[in-house]
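Please study the sequence and the structure shown here before reading the briefing that follows. The points are grouped by topic.

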Amino acid sequence: MESQSVPFVVAIPARYASTRLPGKPLLPIGGVPMIVHVARRALAAGAAEVVVATDAPRIAEALAGSGVEVVMTDAGHASGSDRLAECATRRAWPDETIVVNLQGDEPLAPASGIRAVATTLAAGAAPMATLATPIGSVEELFDPNCVKLVRGADGRALYFSRAPLPWPRDAFAADRTRLPDGVPFLRHIGIYAYRAGFLRAFARLARTPLEQAESLEQLRALEHGHAIAVGIAPEPFPPGVDTPEDLARAERLLAGAAR
């Protein structure tokens, strides 16, 4: 299935408050607010509709003339998916609509990756999909900020964790300084696609013990028995912006791409 043939919408949750980077969506990168860069990535991916869901009028103002819609949502949402569930209801998207959740701090998200997560969802019966990419170093595997996942032979997620996963017992008993060959170490990429009906239902599910232990919202779907399809990202997916150092890196990468 060609990714370009799959119709989808992109919804971008954008919260003004941020612990580490206050006002993060509006921080400039090359003189342009970060949320505008993210919206441009979504438009470049060929989405039928791009919507930013926010609780901040100043974010809506920054997007004026950008070609994307803005939906004002409740300020009390605990997560981006909760915000997008409200957005899906306000936009009255039919239950079968493919909604890609692109985080508002992903100014470097490749268009191919946005299309790929939509295609992964459309190709199967799972109500939710995400992406992964191979892990290339021991340091990455042992970094708790790098979320790992394992998937089954059917391409569906078995588990997500901040811990090293899977654990090659014999190989690591002998040497933990390098990754053993033949083990499918995968880093989770935090982009999702849902059917709109499932997105609304997901927001109503009770939080679960593993979700709270790992601080990984996607575990809620697994604990409630819902499948998550996992596709492999077609090209590198740069990390999002969480720190001033991330912001500086994004500035350098976007400046280099513009040359």
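A residue is called buried when its relative accessible area is under 20%, exposed when it is over 50%, and partly exposed in between, using a 1.4 Å probe and protein chains only. The structure is a predicted model, in which local features need pLDDT of at least 70, side-chain atom pairs count only at pLDDT 80 or more, and totals for chains, interfaces and linings use all residues. Residues are numbered from 1 along each chain as its sequence is written, and side-chain values use heavy atoms, with hydrogens and water left out. Helices (H or I, at least four residues) and strands (E, at least two) are DSSP runs, numbered from the N terminus.

**Helices**

- Helix α4 is mostly covered, with 11 of its 12 residues buried.
- Among the buried residues of α4 are A111, I114, V117 and L121.
- Where contact means heavy atoms within 4.5 Å, the buried residues of α4 pack against β1, α1, β6, β7, β10 and β11 (228–232).
- The expected span of a helix is 1.5 Å times one less than its number of residues; α4 reaches 17 Å from its first C-alpha to its last, close to the expected 16 Å.
- For the 12 residues of α3, the end C-alpha atoms are 16 Å apart, in agreement with the 16 Å that the helix should span.
- The buried residues of α3 include L84, A85, C87 and A88, and the partners against which the buried residues of α3 pack are β1, β4, β5 (69–72), β6, β10 and α7 (196–202).
- In α1, the buried residues are M34, I35, V36, H37, V38, A39 and A42, and just after this helix G46 takes a positive phi of about 90°.

**Nonpolar cores**

- A nonpolar core is a set of buried Ala, Val, Leu, Ile, Met, Phe, Trp, Tyr and Cys residues joined through side-chain atoms within 4.5 Å.
- The largest such core has 48 residues, and those with the most contacts inside it are F8, V10, I12, V100, L102, I114 and I191.
- Elements that give two or more residues to this core include β1 (9–14), α1 (34–44), β6 (98–101), α4 (111–122) and α10 (244–258).
- Another core, of 30 residues, lies apart from it and has V9, V71, L199 and L216 among its members.
- Setting aside neighbours within four places in sequence, V100 is in contact with residues that include F8, V10, I114, V117, I191 and Y192.

**Strand pairing**

- Two strands pair if DSSP finds at least two bridges between them.
- Strand β8 (residues 148–151) pairs with strand β9 (residues 157–161) in the antiparallel sense over four bridges, and R151 stands opposite A157 in β9.
- The hairpin of β8 and β9 has five residues between the strands, and G155 there takes a positive phi near 80°.
- β8 also pairs in the antiparallel sense with strand β10 (residues 186–195), over two bridges, and K148 stands opposite R187 in β10.

**Charged residues**

- A salt bridge is a side-chain nitrogen of Lys or Arg within 4 Å of a carboxyl oxygen of Asp or Glu, and by this rule the count comes to 14.
- D242 and K24 meet in a salt bridge through their side chains (3.3 Å, N to O).
- D242 lies in the loop between β11 and α10 and K24 in the loop between β1 and β2 (28–29), so the pair ties together parts that are 218 residues apart in sequence.
- D242 counts as partly exposed, at 30% relative accessibility, whereas K24 counts as buried, at 12%.
- The side chains of R187 and E140 form another salt bridge (3.2 Å, N to O).
- R187 lies in strand β10 and E140 in helix α5 (residues 138–142), so this pair ties together parts that are 47 residues apart in sequence.
- Salt bridges that share partners join R207, E211, E217 and R220 into one network.
- With Lys and Arg counted as positive and Asp and Glu as negative, and His and the chain ends not counted, E106 is buried yet has no salt bridge, and R249, the nearest side chain of opposite charge, is 7.5 Å away.
- E106 has its place in the loop between β6 and α4.

**Backbone features**

- Most residues other than glycine have a negative phi, and most peptide bonds are trans.
- A92, in the loop between α3 (80–91) and β6, has a positive phi near 55°.
- The peptide bond from L165 to P166 is cis, with omega near -5°, and P166 has its place in the loop between β9 and α6 (169–174).
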